[in-house]
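Thanks for coming. Please keep the sequence and the structure in view.

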Amino acid sequence: MPKFNTPPKPGRPPRNLIDVLRTQFWFHVLKLRSGLPSAYAIEKALEPHLVRISADGVNRPRKWDSYERGTRVPKRNHDPKDSVDLAERHFPGTASWFDNPIWDVLKGANLDRWALQRQLQTLSLPVVDVLITTEGSIKGQADLVQLTDEHFDRLVALGSFDALAAIAILAKLSEETASHELRDMVLDCYARLQPILADAPETCVHYPELFTYVDQVCQYWVVLSPGKRMNMRLFWHGQKWAKNRIDYFGPRLAGMYRANDWGNGWEKWLK
């Protein structure tokens with residue numbers, strides 16, 4: 001997985017671009033859930049003691065403006081100063097967008113199959129109901145179901161961000177288990193989820209960057225010979241649904257498309 005880090009400013013560690021996107025997603029959902037129109041309105045609602053109105057105008061730290069731009073990433077300290085917890089107390093359900101396991105997967109966290117299955121169990125209940133069973137080999141113990149096309153059809157029907165998170169996790173699981181069958185089902189589901197999420201209120205603003213990062217995880221496999229496999233990355237914007245959909249992907253994406261990408265855009269490496 002490539003490293004997505006911004007150059008650090010003096011005295012600050014570099015920001016991971018996945019965390020930048022993560023913060024922007026969380027803040028966008030916070031605006032939707034709160035019904036508040038701006039970072040100023042959110043700052044005033046959540047931390048009114050920091051907003052000072054004087055003859056010179058409004059003085060405030062503009063911390064929430066930085067969250068909206070992604071130039072500042074909240075720290076999850078779970079203390080009274082934790083911005084994610086503060087927003088969650090006022091607008092329940094927003095923290096799950098920041099804490100979603102998809103962000104660790106996209107950052108390339110080194111997770112074994114058991115850790116990946118535990119991540120699936122942290123997703124929303126509708127997704128867990130599709131993927132997790134307690135009627136497995138050990139009764140009462142949560143385990144991944146024997147996945148079939150029907151399970152992926154149900155994820156598509158949900159059409160949720162957590163359904164996409166499940167796909168990213170299962171893509172990594174297919175690598176851990178070297179399962180071509182699982183990989184094929186995962187990639188088909190990912191392609192079907194894309195146009196749904198591109199139109200969903202929570203994801204319609206930042207989906208171009210999100211899908212670009214998920215493309216890195218959901219690469220196609222081409223078997224060249226026993227023991228040799230080629231990974232082929234097909235970019236989301238080459239899909240039929242995305243044609244003429246958007247012609248600007250944002251500055252953070254510019255460096256991710258190399259001048260020597262072939263055709264619709266794919267890269268390969270041998271494993």
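Start with T148, which lies in the loop between β4 (143–144) and α9. Helices here are DSSP runs of H or I with at least four residues, strands are runs of E with at least two, and both are numbered from the N terminus. T148 is partly exposed because its relative accessibility is 34%. For that scale, buried means under 20% relative accessible area, exposed means over 50%, and partly exposed is in between, with a 1.4 Å probe and protein chains only. The C-alpha atoms of T148 and M185 are 8.0 Å apart, while the two residues are 37 apart along the chain.

Before going on, what you see is a predicted model: local features need pLDDT of at least 70, side-chain atom pairs count only at pLDDT 80 or more, and totals for chains, interfaces and linings use all residues. Residues are numbered from 1 along each chain as its sequence is written, and side-chain values use heavy atoms, with hydrogens and water left out.

Now the interior. A nonpolar core, as used here, is a set of buried Ala, Val, Leu, Ile, Met, Phe, Trp, Tyr and Cys residues joined through side-chain atoms within 4.5 Å. The largest one has 55 residues, and I102, L131, F152 and L210 have the most contacts inside it. Helices α1, α6 (102–106), α7 (113–120), α8 (125–131), α9 (149–158), α10, α11 and α12 each give at least two residues to this core. Its largest share, 11 residues, is from α10. Which residues does I102 touch, leaving aside neighbours within four places in sequence? They are F161, L164, A165, A168, L210 and V214, where contact means heavy atoms within 4.5 Å. There is also a second, separate core of 14 residues, and W26, A39, W64 and V84 are among its members.

The structure holds 16 aromatic pairs. Rings of Phe, Tyr and Trp (its six-membered ring) pair if their centres lie within 6.5 Å; planes under 30 degrees apart are stacked, over 60 edge-to-face, and the rest tilted. W26 and W64 make a tilted pair, 5.8 Å centre to centre with 35 degrees between the planes. This pair links distant parts of the chain, with W26 in helix α1 (residues 17–34) and W64 in helix α3 (residues 63–69), 38 residues apart. W26 counts as buried because its relative accessibility is 0%, and W64 is likewise buried at 0%.

A further pair is F211 with W241: the centres are 6.2 Å apart and the planes at 85 degrees, so the pair is edge-to-face. It too links distant parts of the chain: F211 is in helix α12 (residues 207–217) and W241 in the loop between β6 (228–232) and α13 (251–254), 30 residues apart. Both F211 and W241 are buried. Ring pairs join Y190, Y207, F211, W236 and W241 into a cluster.

The charged end of R22 is over F98, 4.0 Å from the ring centre. R113 lies over the face of W114, at 4.9 Å.

Next, the strands. β5 (residues 220–225) and β6 run antiparallel and are joined by 5 bridges; two strands pair if DSSP finds at least two bridges between them. V222 has M230 in β6 as its bridge partner. The hairpin has 2 residues between the strands, and G227 there takes a positive phi near 90 degrees. Of the 5 residues in β6, 4 are buried.

Most residues other than glycine have a negative phi. H78 has a positive value near 55 degrees. H78 is in the loop between α3 and α4 (83–90), and H78 counts as exposed because its relative accessibility is 55%. A178 has a positive phi near 50 degrees. A178 is in the loop between α10 (161–177) and α11 (180–199), and is exposed at 54%.

Last, the cysteines. How many disulfides does the structure hold? The count is 0, a disulfide being a pair of cysteine sulfur atoms within 2.5 Å. For C218, the nearest cysteine sulfur is that of C189, 9.4 Å away. C218 is buried at 3% relative accessibility, whereas C204 is partly exposed at 33%.

How values were computed: Lys NZ or Arg CZ within 6 Å of the ring centre and 35° of its normal.
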